[in-house]
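Hi,

Here is the structure we talked about. Please open it alongside these notes.

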Amino acid sequence: MKSLLEAGPCVSIKNLAKAFSVPGGRMPVVRPGHVKPPASVVVFENFSFDVSQGEFVVVLGRSGCGKSTLLKMIAGLIAPDQGQILVMGQPVGGPNPWSIMVFQDFALFPWRTALGNVRMPLEAGTWRIEGELKRREAATAVLTRVGLQDRINAYPRELSGGMQQRAALARSMVVRSPLMLMDEPFGSLDAHTRDNMQKVLQDLWSDIQNSIILVTHDIQEAMILADRIVVLAGKPASIAGEIRVPAGRPRDRRWLVTKDAFELQERVISMLYGVNENVPGTFPEN
Ligand SMILES: Nc1ncnc2c1ncn2[C@@H]1O[C@H](COP(=O)(O)OP(=O)(O)O)[C@@H](O)[C@H]1O
Ligand SMILES: [Mg+2]
């Protein structure tokens, strides 16, 4: 069964529709004789999207275009109105063992050591592993991978901010879920810690070889991390463009100053902002 699943895509979304009822939203058409429904904002309509197994997809798009809604539907945290979402070939009907979602403020539990935090998802529930020794081994291996092998018994307060971030990322990776959904995970970090986390994430991902869908506002972060950059735009949202990033790995900031990277950045920017808009900092001719 495993080999069959491995042949298919990790995520397959077909004809997805999702609207939220909100005051002042777009008014759906009402047929005569029907009760007028509340106004709604149509976020997705007839939206289709696939992610291959082992693929790292980064989603860019303006605020409010539906990025978080998309991740939450794939994670099974909110239900679509219509359409089909398959993860590892299984229909998503709620939180499921195939995917894990990581939010921006993924914090450690202060009363547990680094090891205790990373081991936690393996202790109970969906990701449980039998045997304390096995859990400890799995957690230690991931902590080693993020460079914290000497600090496994430290409490969060004894770790720097960057170390805490690495431990938190290790905790979401220890379960080795086939799909990881990351909603602006590094949005609140300083530039240096962020660089470091991008490197650590690439390392972990190349080790686990799962699929990742990561949402960010940062074009350069997208270029460093993605196999494929997908730009969402419009209401309802559609894929305004996508680009495969042809560069090898691991990538870091040094790659960003190459000619290839500048060209790529130009293409991403024009997909994101369109070619007809004024460039910030410039003025129209008249
Ligand atoms: N629970 C909700 N109730 C009502 N409207 C929502 C809800 N969640 C999201 N929306 C609306 O759906 C649209 C997409 O939101 P979101 O997915 O959070 O965008 P993004 O993550 O791209 O900034 C926005 O217009 C937002 O106001
Ligand atoms: Mg969002």
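In what order do the six strands of the open sheet run? The order is β6-β7-β8-β3-β9-β10, and the pairing is mixed. β6 (99-102) and β10 (238-244) are the edge strands; each has a single partner strand, so one side of each has no neighbour in the sheet. Ignoring direction, neighbouring strands are turned by 20° against each other on average. Keep in mind that this is a predicted model.

Now the pairing of β3 and β9. Strand β3 (residues 56-61) pairs with strand β9 (residues 228-233) in the parallel sense, over five bridges. L60 stands opposite V231 in β9.

Next, the helices on the sheet. Helix α9 (residues 259-273) packs on the sheet and touches β3, β9 and β10. Its direction makes about 175° with that of β10. Helix α2 lies across β3, β6, β7 (179-183), β8 (211-215) and β9. It runs at about 150° to β7.

α2 also matters for the ligand 1 shell. Which element gives the largest share of that shell? It is α2, with three residues. β1 (11-26), β2 (40-51) and α2 (67-75) each supply at least two residues.

The residues surrounding ligand 1 are F20, V22, V41, V43, G61, S63, G64, C65, G66, K67, S68 and T69. By type, the shell has five nonpolar residues, six polar and one charged.

Best wishes

Conventions: Residues numbered from 1 in each chain as written. Chains lettered and ligands numbered in written order. Predicted model: local features only at pLDDT ≥ 70, side-chain atom pairs only at ≥ 80, totals over all residues. Near = placed C-beta within 6 Å. Helix = DSSP H or I, 4+ residues; strand = E, 2+ residues; numbered from the N terminus. Nonpolar A, V, L, I, M, F, W, Y, C, P; charged D, E, K, R; others polar. Pairing = 2+ DSSP bridges. Axes fitted to C-alpha atoms, helices over the stretch in contact; angles between N-to-C directions. Contact = placed C-beta atoms within 7 Å.
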